[in-house]
Amino acid sequence: MADEIRRLSDDLARDPSSLVFMPLADALRRAGQLDLALRVALRGLDRHPYVADAHDILARIHADRGDLERAGDEWEMALRLDPSHEQASLGLGFVDFRRGNLELAERRLAAAGDGDPGVATALAHVRSALAARGVGGAVPQSTFAVPEVIAEPAPVAMPNGDHAASLAPDVPSAATVTSSPVTEYPTPDPSRARQLFAPVLDGADQTAVLVDADGLVVAGRYIDVNGTDVSDVVAAELAGVSSEAERAMRHLGLGAWTSLLVEADQSVVAMTPAPLGSLVVVATSRQTPVGLVRLLLDRALTRARDWLARVS
Amino acid sequence: VTKSPYAELLAVLSRHRGVVGSFVVSERDGISIDSNVQIGVHADAVAALAASLHRKARLACGAAGCGQVTFLRLDAERGGICAAGRDDLVLVTISEARANIGLLRVEMMRAAKALT
């Protein structure tokens, strides 16, 4: 495993724009290095936001981290990009099952077809659970987990046509059936773009905006400490930050820039490059710990990336 | 040879683990006033770019009503740049990924208060 990770890392270092990030992220996931796997997958998706398999891998990483909501979001994105993506259907069936939506899981898996042995096995488990609930009222635990579902490793198609590095079938262990609301991304409706980041912000003192390469607001809003919307002014002032950061890093040979964090008297402002040359900007009050600001930035970036893939 | 008033300060910062260079630069024109860098670092170019980034951050923070910028950190895959300013002067460090950013941040913010 370590050799495989090293080899894939070397391949990715040689060609950062390749799709090698997918088998690398999955190998890291299987090795239990979930934080690193997440970073590799997110960085890869910045370059390749329309690759369904990449969203599938990111979903598995989220699932391993116990974040079913984000896993579901990623599998939904994979299905939007490729409606025939069986692994994504399987993953969503798993999420539905874990949330206790057995009927929905059954419908989803049945619609995916039983050509894939993993889907057929999962469907059998769900139907068994449905029958058990009908008889005894209780849903059997530990009957449907992704490890049982993704029975066959799914090869990742590489640009040269080869099939490199398989996706392992191990994901999370089945646990308690929980029910939680599914996050709805705003539809590509301009009037709702201003609320894009509302679900990922934790408090009234946090604000986020997506700015394009020309310094124009794409989505979200920047509210200052007085409650005034200053999105347009801030976006204009930040125009060109990406290119300057890139130039600085090129001179230093430190690789691509990943984030810029600015601490000021009253606020902490963080930004990170997003797809299509855009910039995600998150601001919080000075009381927010700096480490938390970076987590918020990651969440906002994930949301922006998914949204951009839908509207662009 | 006369040492600049910043030589000792820059030497202290450059001794931090992973720090490959430190500068005092004018934010207005991006000219390096003093530096302590390892061989191979493009000191003048990086100083100018860091000053420009600091200026942009200051203007954006001004527009957003955030107050004065106290610290700026640009992260990259294998390291990054930190900057702390006072008036027109900006203290800049270049570091590799192994640097202890928390410690460097505290040291730079303390040192920036003494910049004149």
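How much area is buried between chain B and chain A, and what percentage of it do carbon and sulfur atoms give? The area comes to about 3,000 Å², with 60% from carbon and sulfur atoms; buried area here is the accessible area (1.4 Å probe) that two parts lose on being put together, summed over both. On chain B's side, Leu49(B), Lys56(B) and Glu77(B) supply 19% of what that chain buries against chain A, more than any other three residues.

This is a predicted model, so to speak of local features a pLDDT of at least 70 is needed, side-chain atom pairs count only at pLDDT 80 or more, and totals for chains, interfaces and linings use all residues. Residues are numbered from 1 along each chain as its sequence is written, chains are lettered from A and ligands numbered from 1 in the order written, and side-chain values use heavy atoms, leaving out hydrogens and water.

Counting contacts (heavy atoms within 4.5 Å), 34 residues of chain B meet 37 residues of chain A. Three salt bridges turn up across the interface, each a side-chain nitrogen of Lys or Arg within 4 Å of a carboxyl oxygen of Asp or Glu. In one salt bridge, Arg43(A) partners Glu77(B), with the closest N and O atoms 4.0 Å apart.

Strands join in too. Strand β5 (residues 257–264) of chain A pairs with β3(B) in the antiparallel sense over seven bridges; strands (E, at least two residues) are DSSP runs, numbered from the N terminus, and two of them pair if DSSP finds at least two bridges between them. Within this pairing, Val262(A) stands opposite Leu72(B) in β3(B).

Technical notes
Helix = DSSP H or I, 4+ residues; strand = E, 2+ residues; numbered from the N terminus.
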